[in-house]
Structure formats: structure tokens, C-alpha cells
Amino acid sequence: MADYHFVYKDVEGASTQWDDIQRKLGNLPPKPPAFKPDPFEPAPDPDSVPKDKSWIDEKTEEELEEIEDDVDDDRFLEEYRKKRLAEMRKAVKISKYGSVMPISGSDFVREVSQAPQDVWVVVILYKEGFPECGLLLQCLEELAVKYPATKFVKIISTDCIPNYPDRNLPTLLVYNNGAVKANYVGLHSFGRRCTPEGVALVLCQSDPVLNDGQSGSNASVLEGVRKRFIEKVVKEHEDHDDDGSSSD
């Protein structure tokens, strides 16, 4: 006849007096806390959430368009909804560029000539293996990040203009509203030393080519360009003076 062994299991968390004594003597580990489930909380009702600025701030662009009827009775919220939509769309426009995009000859009309009327396009004609082209490209990469509302593209010179002379490289073409507004042939166009600050100053001499999408006016952008150029020149002079002092 088989032996049956019964194991008595008390309520979870319960303890005998003997176990309590053993725990006091350190012969047993501390008693684990009794399990307590988290209190039940019903899911919040979306319609019960207060409609204020923070409620608008949490919405995506698509959601802001969908809730137009929900806030049309509140003039303040409706104006704030429109303001947030405008900010989001502006941010999308600003972040559209931000780098020097490579294009081919077949892309030129679409990416340059047919660019939006309010967008300035800076085109560099270059070839691989030319140090001067590499230097100007580095400057443009930095400017593209700093001025993301301006479109920067690069194209192999002979893909853009067949038989274009290598002696003219690098060449910059500036476009707006489908027309060439300026062109700069050779690295010497940007001064004795080609720097991002120097290139920016040359580009903005006659037209508001550079746009960071945030300054609000062409004058403020140009002021910032001039300020950075002056700071760069002053720093180079200071570095030169420091080097001269150390050599003495």
C-alpha cells in the first residue's frame, strides 16, 4: 500500500510562533512581506482631461488638426492650437535640409531649379581628389547644419556642365526662384583662408542666402554672420600673437 504524505500549507504570509522565535535568534531569514496587489485604478476618461495649454502641447500635428471642433468654443485654446500647428510645420520645414545633399545631373532641375521660391540653394561643383574641393565642402557641411533652411547640394562638375574645366574647381552657384543669383569660381573667392565664417560672409554680401529658420529677419541673420566672422578673425590674430610670444 502506497504511503501518502500530506503537506500542510498555511495562508500566504502566515507564520508560526516557533518560526518567529527562530527568526529572533537569527536561525531563519526575515519573514517576506505579504503580497499586496496594486490598488485598482480605472483608465482615465479622455473627455474628462482638462483642456488647457498642456493638453494642447501633448498633441501631435495630426491630433491638433483633428481636435479643431473640440476647441472652437474656446477662443484662447483655438488660437493656441493654431500657434502650435504653425510652430510644428515651421520646425518640419527647418529640419528639411541640414546637410550637403549629393545630386546627379538628372536631379538638377528638380532639386535646384524647381526648389520652392522662398528657399535659397547653394550648389557646389566639385570633383573627388581635389584638396580645394574638399576644403570648401567641409565649410559647406558646417554651414548646412547651422543654416538648415538653406538648401546645400553637391554635384560632380562634369555631370552638371559637360567638359567643365578642372581649373575652375571648386565653383559655387547660388540659386533662388529658379535663377542663378551668384557664382564663385575657385577657392580664392572666399579669401586667403577658406573658413566657414568667411564663406558665409561672402554668400550673404548681396542676398539673404543663409537662413537658420529662427532668426526672424534677414538682417539678424546677416548680423550673426558678420559677428561670427569678426570673432573668427580676432581669435586667429590672438592665436598668432600667442605663438609669436612663445617662440620668443
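1. K151 and E111 are both buried. This is a predicted model, and the burial is a computed result: each residue falls under 20% relative accessible area. The two form a salt bridge, with their closest N and O atoms 2.7 Å apart. The pair links distant parts of the chain. K151 sits in strand 3 (residues 151–156) and E111 in helix 5 (residues 108–113), 40 residues apart.

2. The K151 and E111 contact is part of a network. D107, R110, E111 and K151 are linked in it by salt bridges. R110 and D107 meet through their side chains at 3.1 Å, N to O. R110 has a relative accessible area of 47%, so it counts as partly exposed.

3. The structure holds four salt bridges. One of them joins K127 to D166, with the closest N and O atoms 3.0 Å apart. K127 lies in the loop between strand 2 (120–126) and helix 6 (131–146). D166 lies in the loop between helix 7 (157–160) and strand 4 (171–176). The pair therefore ties together parts that are 39 residues apart in sequence.

4. K127 is partly exposed because its relative accessibility is 22%. D166, at 33% relative accessible area, is also partly exposed.

5. On the surface, W18, I21 and L25 form a nonpolar patch. L25 belongs to helix 1 (residues 17–25). Its relative accessibility is 60%, so L25 counts as exposed; the cut-off is over 50%.

Key. Residues are numbered from 1 along each chain as its sequence is written. This is a predicted model: local features need pLDDT of at least 70, side-chain atom pairs count only at pLDDT 80 or more; totals for chains, interfaces and linings use all residues. Side-chain values use heavy atoms; hydrogens and water are left out. Patches are made of residues with over 30% relative accessible area and no salt bridge: like charges are joined within 9 Å, nonpolar side chains (Val, Leu, Ile, Met, Phe, Trp, Tyr) within 5 Å. Accessible areas come from the Shrake-Rupley method with a 1.4 Å probe; for residues, only the protein chains shown count as cover. Helices (H or I, at least four residues) and strands (E, at least two) are DSSP runs, numbered from the N terminus. Buried means under 20% relative accessible area, exposed over 50%, partly exposed in between (1.4 Å probe, protein chains only).
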